[in-house]
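Please open the structure and keep the sequence at hand.

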Amino acid sequence: MEKTYFFDTLRRIGSTCREQLSWLVGMLAPGFAAIPGKLELTILLSNVMLWLGAGMDAADGRMRLKRKWYAPWRRVLGLDWNVDRSRKTIEAIKEVHRQLTEATDGRFFVPPTWSLFKSLLTLHPLGGCTMGTSRENGVVDHLGHVFGYRNLIVADGAILPTSTGRNPSHTIAALAERIAAHIT
Ligand SMILES: Cc1cc2nc3c(=O)[nH]c(=O)nc-3n(C[C@H](O)[C@H](O)[C@H](O)COP(=O)(O)OP(=O)(O)OC[C@H]3O[C@@H](n4cnc5c(N)ncnc54)[C@H](O)[C@@H]3O)c2cc1C
């Protein structure tokens with residue numbers, strides 16, 4: 001009896017979430033809202049193909065610890081990133097995606113996070129403690145030694161001086177291995 005109640009409650013929660021989500025999708029992508037009925041979200045999602053693009057942005061974002069207005073006692077890592085110098089790259093990625101979508105009979109849709117809000121996020125944050133030839137243009141040298149602090153070594157994505165364009169983890173690992181090999 002209890003089990004039935006549990007699954008029944010789960011089903012009801014699921015159905016409410018589906019309705020809310022399809023309402024949201026309808027608001028954000030009015031073209032999709034035309035599909036009526038209970039199956040709408042299932043149909044929507046089973047026909048959606050998420051395409052990701054990668055490119056070299058201007059690498060001029062700044063990460064810093066911020067406080068959220070609704071929780072000022074907590075500090076969170078925030079990103080200040082003016083899109084102006086990266087706009088060309090993003091528009092180029094968008095254009096390639098548009099062409100690919102048309103070639104595959106799809107309906108092109110850019111998320112409102114970009115089309116309306118010009119808001120960006122990154123899964124590949126790099127830099128902050130960048131490699132340079134001197135303390136005038138960097139924090140560490142090519143072997144990860146912090147300028148002026150010989151025995152302090154940084155060996156991770158923070159030392160990359162700019163965007164890799166591609167997924168960065170192999171580059172980071174190669175640099176870390178090289179740095180480790182030079183530690184005496
Ligand atoms: C969702 C997602 C998907 C990604 N997919 C890809 C992909 O497909 N291909 C790719 O190349 N890259 C991918 N990346 C990026 C990649 O994971 C990172 O660029 C890479 O892991 C960065 O390496 P890192 O050594 O600089 O830092 P990290 O891998 O973040 O390592 C930092 C380590 O330090 C530890 N640490 C933090 N604070 C402390 C502390 N105070 N004391 C001790 N230890 C501490 C952390 O636990 C962590 O283990 C992805 C990233 C995300 C978030």
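This is a predicted model: local features need pLDDT of at least 70, side-chain atom pairs count only at pLDDT 80 or more; totals for chains, interfaces and linings use all residues.

Across the pair, Val 146 stands opposite Tyr 149 of β4. The hairpin has two residues between its strands, and Gly 148 takes a positive phi there.

Is β4 in the open or buried? Strand β4 covers residues 149–153, and zero of its five residues are buried, so the strand lies largely in the open.

Another positive phi turns up just after helix α3, at Asp 105. The table puts the two side by side.

| Residue | Where | Phi |
|---|---|---|
| Gly 148 | hairpin of β3 and β4 | near 90 degrees |
| Asp 105 | just after α3 | about 60 degrees |

Now for the interior. In soluble globular proteins, nonpolar side chains tend to be buried together. Here the largest nonpolar core has seven residues: Leu 126, Met 131, Val 139, Val 140, Ile 159, Leu 160 and Leu 175. Leaving aside residues up to four places away in sequence, Leu 175 touches Ala 155 and Ile 159.

Finally, the ligand. Around it sit Leu 123, His 124, Asp 156, Gly 157, Asn 167, Pro 168, Ser 169 and Ile 172. This shell divides into four polar residues, three nonpolar and one charged.

Technical notes
Residues are numbered from 1 along each chain as its sequence is written. A residue is near a molecule or strand if its C-beta atom, placed from the backbone, lies within 6 Å of it. Ala, Val, Leu, Ile, Met, Phe, Trp, Tyr, Cys and Pro count as nonpolar, Asp, Glu, Lys and Arg as charged, and the others, Gly among them, as polar. A nonpolar core is a set of buried Ala, Val, Leu, Ile, Met, Phe, Trp, Tyr and Cys residues joined through C-beta atoms within 7 Å. A residue is buried if 20 or more other C-beta atoms lie within 10 Å of its own, exposed if 12 or fewer, and partly exposed in between; C-beta atoms are placed from the backbone. Two residues are in contact if their C-beta atoms, placed from the backbone, lie within 7 Å. Helices (H or I, at least four residues) and strands (E, at least two) are DSSP runs, numbered from the N terminus. Two strands pair if DSSP finds at least two bridges between them.
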